[in-house]
Amino acid sequence: MADMRIVIVGASGRMGRMLVRAVSQADGVVLAGATERSGSEFVGRDAGELAGVETLGVRIVDDISTCSEADVIIDFTAPVATLSHAAFAASKGMGMVIGTTGFDAQQMAALKHTLAASPVVMAANYSVGVNLALNLIERAAAVLGNDYDAEIFEAHHKHKVDAPSGTALAMGRALAAGREVDLDETAVYAREGITGARKPGSIGFSVVRGGNIVGEHQAMFIADEERIEINHVAADRMVFAKGAVRAAGWLASQSTGWYDMQDVLNLRD
Ligand code: NAD
């Protein structure tokens, strides 16, 4: 089978550089293009050199339409940019692996509409460990029910612009699914002042931002007599990049449809 040709958009970003490195290190995939927003100082640079690996002969461009000889776009940029990359992918019959977080409901609906006939993997977190944790959280919530107060905590680096993190929200959805309730109706995203006593059945979120924390997530199930914690700590961003490249390779065998890392890792019951 020929190597899968991958375009990395946002190739000079924190994740973009990791993704270029992960593609250059993985078997069965090849970097076919790399982009950045127009005006970026990195346009014209070799993507491999910028990522700290060898020169790959792929220059960063600011016009994605020059990257049409490819199979999959891996996109860890920003919601508005991802929407425009999706339109390009759909028009060329390419697949997409989407890591961008922070879409509002309208942007999410537009993304799903644009990519309705494309093979897509979208995950708030591409680490294998986090996806296993999501699975465990859903099972724990189903067993423990509302007798245990559920709280989700996350911490990230100071540059992160959205909160709670996409992964914390995914944990909330897994928890709500285990309890067979709707997250929108049970989530409490902020507490300040006289909040009143904790509402039974609510799912609370708390957030820390600072320094260079790669990503920490914890689901707590708290009863009067005991507490269960499902905790994940990411030590290096490379874990997300490797997972995304694995997802791209997996996508080669799918013709169309929306998937997440639970599908890629075969964790669905
Ligand atoms: P970053 O700001 O370092 O990188 C984003 C890059 O995208 C920048 O270099 C920016 O110039 C570029 N960009 C913006 N618009 C563009 C366009 N139109 N065309 C091409 N490039 C464009 O951010 P980051 O820390 O790398 O994170 C990026 C996104 O990935 C965020 O939404 C973050 O939450 C998400 N993320 C997801 C996971 C996951 O596992 N799903 C892991 C880490 C980060």
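Contact is taken here to mean heavy atoms within 4.5 Å. The structure is a predicted model, in which local features need pLDDT of at least 70 and side-chain atom pairs count only at pLDDT 80 or more, while totals for chains, interfaces and linings use all residues. Residues are numbered from 1 along each chain as its sequence is written, and side-chain values use heavy atoms, with hydrogens and water left out.

Phe42 is in contact with Ser12, Arg17, Leu50 and Ile60, leaving aside its neighbours within four places in sequence. Phe42 lies in the loop that runs between β2 and α2 (47–50); helices (H or I, at least four residues) and strands (E, at least two) are DSSP runs numbered from the N terminus. Phe42 counts as buried because its relative accessibility is 17%, where buried means under 20% relative accessible area, exposed over 50% and partly exposed in between (1.4 Å probe, protein chains only). Although Phe42 and Ile60 are 18 residues apart in sequence, their C-alpha atoms are 7.0 Å apart in space.

An open sheet of 7 strands shows parallel pairing in the order β3-β2-β1-β4-β5-β6-β12. Its edge strands, β3 (60–61) and β12 (257–259), each pair on one side only; two strands pair if DSSP finds at least two bridges between them. Strands β5 (residues 95–98) and β6 (residues 119–122) are paired in the parallel sense over 3 bridges, and Val121 in β6 is the bridge partner of Val97. Helix α3 (residues 79–92) packs on the sheet, where it touches β1 (4–9), β2 (29–35), β4 (72–75) and β5, and its direction makes about 175 degrees with that of β4. Axes are lines fitted to C-alpha atoms, for helices over the stretch in contact, and angles run from 0 to 180 degrees between N-to-C directions. Helix α4 (residues 105–114) lies across β5, β6 and β12 and runs at about 130 degrees to β12.

Arg198 is placed in the loop between β8 (187–188) and β9 (203–209). With a relative accessible area of 30%, Arg198 is partly exposed. Not counting residues up to four places away in sequence, Arg198 touches Asp149, Ala150, Glu151, Arg191, Ile203 and Gly204. The side chains of Arg198 and Asp149 are joined by a polar contact of 3.4 Å, that is, a pair of N or O atoms within 3.5 Å; within protein, one must be able to donate a hydrogen and the other to accept it, and residues adjacent in sequence count only if both atoms are side-chain atoms. The side chain of Arg198 also reaches the backbone oxygen of Ser202 at 3.1 Å.
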